[in-house]
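Here is a short briefing on one structure. Look at the model first, then read the points below.

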Amino acid sequence: MQETMELKQRIQELMSLLEAFKQLNSNIEIEDVFQDILLQMVNVLGAEAGTLWVLDNGREVIQAVAAHGKSASKVLHFEMAKGEGIVGQVVASGVEQLIGDASVHPQWANRVDSTSGFVTKSMITVPLAAKGHVLGALQLLNKTGGGLFSGQDMRIALALASQSALALHNSQMFDEVSRMLLSMIRTLAKILDARDPYTAGHSERVAQYSLAIAQRTGMDGHECEELYRAALLHDIGKIGIADDVLRKPAKLTRKEYEDIKLHTVIGAGILSNMEPKAAMANAIATARSHHERLDGSGYPDALKGEDIPLFARIVGIADAFDAMTTARSYSKGLPLREAAAELIRCKDTLFDAALVNAFIEVLEESDYQVGKGFGEITMGYGL
Ligand SMILES: [Fe+2]
């Protein structure tokens, strides 16, 4: 009888573990991964509270990135030195700890309890290690029902921790690669803008304006990030335009104007060399079509209305606004409110009215303060 009961409980635990593994691998957003890991652990093992600590290698600090339980809001974002308290020891050594009574344990950092007001009795702390590196630790506090955590609980915690660490590792890698990609694209855009003193910062501003429009129209986070990158690269084809044409202070001849118009086609060509192809599709379309206008008067394909890709319609508005409001060799640049009035005048003929309206709303709300904080990209963890 006793054996049957134990077997049943073991099966129950294994089922919970399987479910937890499934959930862990279904998310790539790092905050969601943190939350998933912690909740699975708390549920499978039955704990009153739990905290997920992640090591910030650069600063040698561990930070509570997810917390569950009564005092969760006070524990969240709490920082400790690597090596401080039990969790710090686990992160530093990579060795798990099972503690019956935390209050009398010599390594217990009661700095956390005195901040949160939570009384810790028993505790499991397991390292999150992947590819030979400790990424953080999971701490479970007070077994629900009043008992103490057992060796069996520890085995389950370790199994779950090894899966969690992989999910965390993947998510951190994804975050790192995304940040690297964005910084490389930004650098490329800066190099491009630096060719002409009048266009300094143009690509970054166009990306910010585009993002502000997209966010206002309710575009989701991933699409916003993709649009931001596409907007940074919209004029990349200007690399293929000769300096004496690009930087000519006087009026362009018809031939020179035709040459400049080619930057759209050249840009799409450059971006179509980049991999993976499917991920570049929107950036290619944006580079090619950001000078198309709703009434078909744009270039290079004289597209009309919604035949112009959405990203290109957004970037086209942002680009026109920045072109109107920045000084050129031949003009001083319009005040922001006058440029906004010009966009309104041209909505439905040149620009998508709904997108212009969204942009004007954001401009009005910010009282035309388009400096820092306007259309700012926030992506992934810690950026
Ligand atoms: Fe352009």
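Which helices do the buried residues of α12 pack against? They pack against α8, α11 (263-271) and α13. This is a predicted model.

**Helix α12**

- The helix α12 has 13 residues. From its first C-alpha to its last, α12 reaches 18 Å, close to the 18 Å expected at 1.5 Å a residue.
- At A283, α12 bends by about 25 degrees.
- A283 is also buried, as are M280, T286, A287 and S289 of α12.
- An α-helix has 3.6 residues a turn, so residues three or four places apart point the same way.

**Iron site**

- Four residues coordinate the iron ion: D235 through OD, and H263, H290 and H291 through NE2. The distances run from 2.1 to 2.4 Å.
- The site of the iron ion is irregular, with angles of 83 to 170 degrees among its 4 donor atoms. Four donors count as tetrahedral only if all angles lie between 85 and 135 degrees.
- Along the chain, the donors of the iron ion follow the spacing D-x27-H-x26-H-H.
- D235 sits in the loop between α8 (221-232) and α9 (243-246), and H291 in the loop between α12 (277-289) and α13 (310-325), so this pair ties together parts that are 56 residues apart in sequence.
- D235 and H291 are both buried.

**Aromatic pairs**

- There are 3 aromatic pairs in the structure.
- In one of them, the ring centres of Y209 and F321 are 5.2 Å apart and the planes stand at 80 degrees, so the pair is edge-to-face.
- Y209 belongs to helix α7 (residues 202-216) and F321 to helix α13, so the pair ties together parts that are 112 residues apart in sequence.
- Both Y209 and F321 are buried.
- The rings of Y209 and F359 have centres 5.6 Å apart and planes at 50 degrees, so this pair is tilted.
- That pair also links distant parts of the chain: Y209 is in helix α7 and F359 in helix α15 (residues 353-365), 150 residues apart.
- F359 is buried, and so is Y209.
- Through ring pairs, Y209, F321 and F359 are linked into a cluster.

How values were computed: Residues numbered from 1 in each chain as written. Predicted model: local features only at pLDDT ≥ 70, side-chain atom pairs only at ≥ 80, totals over all residues. Heavy atoms only, no water. Donors = N, O, S within 2.8 Å, 3.2 Å for Na, K, Ca; no water. Tetrahedral: all angles 85-135°; square planar, octahedral: opposite > 155°, others 65-115°. Helix = DSSP H or I, 4+ residues; strand = E, 2+ residues; numbered from the N terminus. Buried < 20%, exposed > 50% of the residue type's maximum accessible area, 1.4 Å probe, protein only. Phe/Tyr/Trp six-rings, centres within 6.5 Å; stacked < 30°, edge-to-face > 60°. Expected span 1.5 Å × (residues − 1). Bend = angle between axes of the 7 residues up to and from the residue. Contact = heavy atoms within 4.5 Å.
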